[in-house]
Amino acid sequence: MLLSAVNLHKTYRKNAVVVPVLGGLDLTVHSGEFLSIVGASGSGKSTLLHLLGTLDRPDEGRIYLEGRRIDNVPAKQRDELRNRTFGFIFQFYHLLPELTALENVLMPLMIEQSVFGWWSRRRELRQRGAELLERVGLGPRLKHKPSELSGGEMQRAAIARALVNRPRVLLADEPTGNLDADTGAEIVRLLRDLNHQEGLTIVMVTHNLDLVAETDRVVRLVSGRVEEAQPLPAVHAGAD
Amino acid sequence: MYKLVLCWRYLLTRYLALVCIVSVMLGVATLIVVNSVMTGFSTKLKDRLHGLLSDIDVEATTFHGIDHPDEKIERIRRDPFLAERIEAMTPMMEVFAMLQFEINGETILKPVRLIGVDAQGRARLGGFAEYIENKDHRDPPSFQLREEALKVWERNQERERLLEREPFAPPPKDGLPPPAPPVPSDFKPKGIMIGHAIAHARIPVLDEHGKPVLKDGKPVTEERELIHPGDEVVLTTISGQRIEPVSFRGAVVDYIKTEMSEYDANYVYIALEDLQHLRTMHSRATSIQIKLKDYERDKGEVSKRLTEMFPSCVVSTWEQKQGPLLAAISIEKGILNLLLFMIIGVAGFGILAIFSMIVVEKTRDIGVLKALGASNGGVMKIFLGYGLLLGLVGALLGTGLGVAFTVYINQIEKKLTDWTGQEIFDRSVYYFKDIPTDIQASNVLLIVLGAVSIAVVFSIMPALRAAMLHPVRALRYE
C-alpha cells in the first residue's frame with residue numbers, strides 16, 4: 001500500500017452556502033497500480049485528487065504515504081512532497097506561457113534546486129528534461145512555447161514535467177478532458193506505458209468511461225464516498 | 001532558480017511593466033537633473049560668496065571700530081598657532097553711504113555700501129582684484145586713476161569750467177584781451193571702484209524714429225554704460241566722531257563685476273585711508289579680514305583662538321555671515337527633492353496597480369507553481385524580485401538619461417531657446433554664462449537606491465497577495 005486515505009471529509013464554504021464534497025471517504029492506492037477514479041460531475045473526484053496530492057487539506061480524516069501521515073505536515077514538507085513525490089497533470093495542461101517546452105518541463109527541478117545547485121548541474125538536468133520530451137514524442141519541440149503546441153502536445157509536455165523529478169505517484173486530473181477522443185486515447189496509452197514499463201503509480205480522475213479500460217482498477221465516487229471498487233466490465237454496467 | 005528565470009521572463013514579456021520602468025526612469029532622471037542643477041547653483045554661489053568674502057572676519061561691535069588694526073594684525077602674526085594657519089590679513093572699513101552722480105544733467109541718488117580697503121592687501125586675500133573689470137588694472141590693483149580715466153576726468157572738468165563762464169562776456173573796459181584761463185594743476189582726484197550694475201543699465205534700443213525696437217512683441221534692450229571711468233561721483237556717509245554727514249568727491253577708476261547682483265548693484269570701494277580720513281577715524285577700522293591656508297581644516301580652531309584674543313570683537317566665518325542665504329538654498333533644495341521624490345512615489349503607485357493586475361492575470365500560473373512545489377515565500381519572492389528588477393532597470397535607464405541631460409543641458413537649453421523663441425535661462429538674472437551643474441555620485445546613488453526601494457516596497461502587497469493564493473482556487477481561476 002503506497003497511498004491511503006481514511007475517513008476523509010471536505011466541505012467548501014462560500015459565504016452562507018455550505019457545500020459538502022467528501023463525506024467520510026476511504027481509499028487505498030497500491031504501489032505500481034494504475035487507478036482510475038470515476039463519478040458524476042460534483043462527486044468529489046478532483047477534490048480527492050487534490051487532497052491526496054496535499055494541494056488542499058481535509059476537514060477531517062487522514063492521508064498516509066508509505067505509512068507516514070502527510071495531511072498534517074508543515075507547509076514546507078507539503079511543498080517538498082508536491083515537488084518530489086507527486087507529479088500533477090491537469091485537464092488544461094497549465095503550462096507556463098512565457099517558458100519554452102523544455103523550461104516548463106524543467107520547472108520542478110528549478111523549484112527544487114538553488115541557483116548554485118542548478119548552475120552546477122544544469123547540463124545534466126537539461127539533458128534529463130530533453131530526454132523526457134523525446135520520450136513523449138516532443139524531441140523536436142524543445143524550444144517551442146505552449147502557444148506553438150497543439151493540445152495533445154501540451155499535455156505530453158505536462159506529462160514530461162510531472163515526471164522530471166521522478167515522482168512516486170502521478171496524479172492526473174481529467175488529463176483528456178480538453179482533447180479529442182483519439183488524442184485522449186493516445187495520452188492514456190502513454191500513461192499506461194509509463195505504468196507498465198516503469199511501475200509508476202498513477203491515479204487518474206476521469207468522467208470518460210471509455211478510457212478506464214487501460215487502467216488496473218476503477219473506483220466510483222458517489223456523493224463524496226467510494227461506492228465501490230469495480231473490475232472493468234462492471235464499471236460500464238453501472239454507467240448504463 | 002525558478003524565481004530568477006520567471007522574474008527575467010516576465011520583464012521581457014509583460015509589456016505593461018514597461019510603463020513602470022518608464023515612470024521610474026523619468027522620476028530618477030528628473031531628480032538627477034534637478035539635483036545636479038541645484039547643487040551646481042549652490043556650489044557656484046558658495047564659491048562666489050566665499051570668493052568675495054574673507055574666510056574669517058574680526059569685527060568691531062561698537063561705532064568706534066577697532067583701534068590700531070595694524071597692531072592687532074601684528075599681534076595675530078606673533079601668535080605661533082595663528083601664524084602657522086593664516087595666509088593673509090587686511091583691515092577694512094565698511095559703512096552705509098549715498099552715491100550721487102549725474103546722467104544727462106539729471107542727478108541720481110543711490111544707497112550703497114561703502115568699503116574702504118587697502119587695494120593690495122585686499123587682493124592678497126582674494127575676491128577683489130580678480131573682479132576688477134579691466135584685466136589690465138588687476139595686477140597690481142590700485143585706486144589711482146589711469147591715464148584714460150584721468151583724461152576723461154580732465155575733459156569733464158574743462159567742460160564744467162566752460163559751462164560756468166558767461167557765453168558772451170563784455171569786452172574789457174581797457175580794450176586789452178581777456179586774461180588767459182587758469183593753468184590746470186597737478187591735482188588728481190581720489191579713485192573709486194563701483195559695482196558694475198551701478199554703472200550700467202539695460203536700456204530699450206530705439207529705431208531711427210525714436211521708437212523702441214521690438215522682438216517677439218518684447219522691447220529689445222542693450223546694456224549701456226551710465227558712469228564711465230573718469231566720471232565724478234559724490235559719496236555721502238556718516239562721520240566716525242558724531243552723527244553728522246560727511247561727503248567725498250572722487251572719480252570712477254574701474255568697475256567691480258562679481259556676477260552677484262547683491263554686490264554689483266550695491267558695493268563701492270575706496271582706499272581705506274581715504275575713508276578713514278573722511279570719517280575722522282584714522283588708525284581705526286570696522287573689521288580685520290583674514291584668509292586661512294586651509295579653511296575647512298582650521299576654521300573652527302582659528303575662530304576660537306581669535307575670539308579668546310579679542311573678546312570685545314565678533315569673530316565669524318564667511319558661512320556664518322551668509323548663514324541665512326546658505327540655509328535658504330539648502331532648504332529650497334530639500335523641499336524640491338521632497339516634492340520630486342513624490343514623482344517616484346507616484347510611479348510606485350503605478351507599480352502597485354500594475355502588479356496587482358499581473359497577479360490577477362497570473363493566478364492560474366501561481367496555482368501551477370504551487371502544485372509543482374513552489375512555497376508561498378518563493379512565489380512572493382518572484383514578485384518582489386520582479387519589482388526590484390523593474391526598479392533597477394528604470395533607475396539605471398533614468399540615471400543614464402539624467403546624467404546625459406545634465407552634461408548637455410546648455411546645448412539643450414540653446415536648442416529649446418532657438419525652437420521656441422523664449423529664453424529659458426536668462427543670463428542677466430544670474431550673470432552665469434551657462435547653467436551651472438554639479439553631478440555628485442553620492443546624490444545619484446541615493447536617488448537610485450530610493451527609486452529601487454520604492455519599487456520594491458510597492459510590490460510587497462501584490463507579492464503577498466500572490467503568496468497567499470490557495471493553490472486549488474488559483475488553479476480553478478477563470
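Start with B:Val24. Leaving out residues up to four places away in sequence, B:Val24 touches B:Ile344, B:Ala347, B:Leu390, B:Gly391, B:Gly394, B:Ala395, B:Gly398, B:Ala451 and B:Ala455. Keep in mind that this is a predicted model.

B:Val24 belongs to the largest nonpolar core, which has 118 residues. The residues with the most contacts inside that core are B:Val24, B:Val28, B:Ala451 and, from the other chain, A:Val203. Which helix gives the largest share of this core? That is helix H2 of chain B, residues 16–52, with twelve residues. There is also a second, separate core of 59 residues, and among its members are B:Ile66, B:Ala199, B:Met281 and B:Val315.

Next, the contact between the chains. On the chain B side, 19 residues are in contact with 24 residues of chain A. Three helices of chain B each supply at least two residues to that side: H1 (2–13), H13 (363–371) and H19 (471–476). The largest share comes from H1(B), with six residues. Sorted by class, the chain B side has twelve nonpolar, four polar and three charged residues.

Now the sheet in chain A. Four strands form an open sheet, in the order S2-S1-S4-S5, with antiparallel pairing. Strand S2 (17–29) and strand S5 (68–69) each have a single partner strand, so they stand at the edges with one side lacking a neighbour in the sheet.

I'll go through the pairs in order. S1(A) and S2(A) run antiparallel and are joined by ten bridges; A:Leu3 has A:Val29 in S2(A) as its bridge partner. Those two strands make a hairpin with two residues between them, where A:Asn15 takes a positive phi near 55°. S1(A) is also joined to S4(A), by five bridges, again antiparallel. There the bridge partner of A:Ser4 is A:Tyr64 in S4(A). Finally, two bridges join S4(A), residues 60–65, to S5(A), also antiparallel, and A:Leu65 stands opposite A:Arg68 in S5(A).

What packs on this sheet? Helix H1 of chain A, residues 45–52, does, touching strand S1 (3–14), S2 and S4 of chain A. The direction of H1(A) makes about 120° with that of S1(A).

How values were computed. Residues are numbered from 1 along each chain as its sequence is written. Chains are lettered from A and ligands numbered from 1 in the order in which they are written. This is a predicted model: local features need pLDDT of at least 70, side-chain atom pairs count only at pLDDT 80 or more; totals for chains, interfaces and linings use all residues. A nonpolar core is a set of buried Ala, Val, Leu, Ile, Met, Phe, Trp, Tyr and Cys residues joined through C-beta atoms within 7 Å. A residue is buried if 20 or more other C-beta atoms lie within 10 Å of its own, exposed if 12 or fewer, and partly exposed in between; C-beta atoms are placed from the backbone. Two residues are in contact if their C-beta atoms, placed from the backbone, lie within 7 Å. Ala, Val, Leu, Ile, Met, Phe, Trp, Tyr, Cys and Pro count as nonpolar, Asp, Glu, Lys and Arg as charged, and the others, Gly among them, as polar. Two strands pair if DSSP finds at least two bridges between them. Axes are lines fitted to C-alpha atoms, for helices over the stretch in contact, and angles run from 0 to 180 degrees between N-to-C directions.
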